Amino acid sequence: MQEYNEEGLVNIGTGEDLEIKELALLIKKIVGYSGDIQHDLTKPDGTPRKLMDVSKLHRLGWKAAISLEDGLKSVYGEFKKQTQ
């Protein structure tokens, strides 16, 4: 990726789909939130899928090195350090 010089965009991601509810529950777990997460199912829920095509990225030889959960834990840990 240091030498990438092609036209067009490169989608960055893991290539794995995740529902917003799953993400919310994962964040809840990581931050230790014990309350409920409420959903208003009477409202539109946006685009049904937001999975980006990362095949171009993979052809260039790059794949995610850490999981979403590990990345969120790391970022949250840094956030906590800076707010103490």
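Predicted model: local features only at pLDDT ≥ 70, side-chain atom pairs only at ≥ 80, totals over all residues.
Biologist: What makes a stretch a helix, and how many helices does the protein have?

Modeller: Helices are DSSP runs of H or I with at least four residues, strands are runs of E with at least two, and both are numbered from the N terminus. The protein has three helices and zero strands, which reads as α-α-α along the sequence.

Biologist: Why is the protein called more spread out than a compact globule?

Modeller: The radius of gyration is taken over C-alpha atoms, and the globule rule is 2.2 Å times the number of residues to the power 0.38. For 84 residues the rule gives 12 Å; the protein has 17 Å, well over that, so it is more spread out than a compact globule. Along the principal axes, the C-alpha trace spans about 45 × 40 × 15 Å.

Biologist: Why is Leu 26 called buried?

Modeller: Buried means under 20% relative accessible area, exposed means over 50%, and partly exposed is in between (1.4 Å probe, protein chains only). Leu 26 has 14%, so it is buried. Leu 26 sits in helix H1. Of the 84 residues of the protein, 8% count as buried.

Biologist: Which residues does Leu 26 contact, leaving aside neighbours within four places in sequence?

Modeller: Contact means heavy atoms within 4.5 Å. By that test Leu 26, with those neighbours left aside, is in contact with Leu 68, Glu 69 and Leu 72. Leu 68 is 42 residues from Leu 26 in sequence, and their C-alpha atoms are 9.3 Å apart.

Biologist: What makes Gly 13 partly exposed?

Modeller: Its relative accessible area is 23%, so Gly 13 is partly exposed. Gly 13 belongs to the segment before H1. Apart from neighbours within four places in sequence, Gly 13 is in contact with Val 54, Leu 57 and Trp 62. The C-alpha atoms of Gly 13 and Leu 26 are separated by 17 Å.

Biologist: Is Asp 36 buried or exposed, and how do you know that?

Modeller: Asp 36 has a relative accessible area of 64%, so it is exposed. Asp 36 lies in the loop between H1 and helix H2 (55-59). From Asp 36 to Leu 25, 11 residues apart along the chain, the C-alpha separation is 9.7 Å.

Conventions: Residues numbered from 1 in each chain as written. Heavy atoms only, no water.
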